[in-house]
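User: Hi! I'm new to this one, could you walk me through it?

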Amino acid sequence: MTLEERFQMVRVVGEECIQEDELMNLLAHKDEPICYDGFEPSGLMHIAQGVMKTINVNKLTSAGCKVRMWIADWFAFLNNKMDGDLEKIEVVGNYFVEIWKASGMDLSKGKVELLWSSKEINSRAREYWPIVMDIARKNKLPRLTRCCQIMGRNEYDDLSGAQILYPCM
């Protein structure tokens, strides 16, 4: 695949590409750029999560990218998905992965890395938590509540303390 073809393939998938010249430069100088995606295990998968994510991830890997897929288990826990039961959240996370396999996401070549947020956070807890606490310390409550749309809520919802922590993480 030529550089231009790789660029077009990645550009089609990229939701927000503000600096196209930077993307072109990245693709020209890095054989295997890393793309990030993630999901909160939260119940049944809808068609866009299943089929479209498979199509998009396969486009990225065919363009030479490596995809790191974050399984946001602790975020689902904070957002009270699956009644805040981490065991259920893990089952749902694995269920999503199995659906992607069944829908044709190519996980066999090592081009897609599945990362559980809880394991990654725990492995770097001494680095991670001071940063989260600094973010919490430097932001006012109205700012954090405005950020709650990242978890499918709005600032007028009756948010728990855990849901205020979520944007900081």
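Analyst: Happy to! This is a predicted model, where local features need pLDDT of at least 70, side-chain atom pairs count only at pLDDT 80 or more, and totals for chains, interfaces and linings use all residues. Residues are numbered from 1 along each chain as its sequence is written, and side-chain values use heavy atoms, with hydrogens and water left out.

User: How many helices and strands does the protein chain have?

Analyst: There are 9 helices and 3 strands, counted as DSSP runs (helices H or I, at least four residues; strands E, at least two) and numbered from the N terminus. From that end, the order is α-α-β-α-β-α-α-β-α-α-α-α.

User: Is Gln 49 buried or exposed?

Analyst: Gln 49 counts as buried because its relative accessibility is 17%; buried means under 20% relative accessible area, exposed over 50%, partly exposed in between (1.4 Å probe, protein chains only).

User: Where does Gln 49 lie, and what is it in contact with?

Analyst: Gln 49 lies in helix 3, residues 47-62. Beyond neighbours within four places in sequence, Gln 49 is in contact with Leu 44, Phe 96 and Trp 100, where contact means heavy atoms within 4.5 Å.

User: New topic: what share of the residues in the protein chain is buried?

Analyst: Buried residues make up 37% of the 169 residues.

User: And what size of box do the C-alpha atoms fill?

Analyst: Roughly 50 × 35 × 30 Å, taken along the principal axes.
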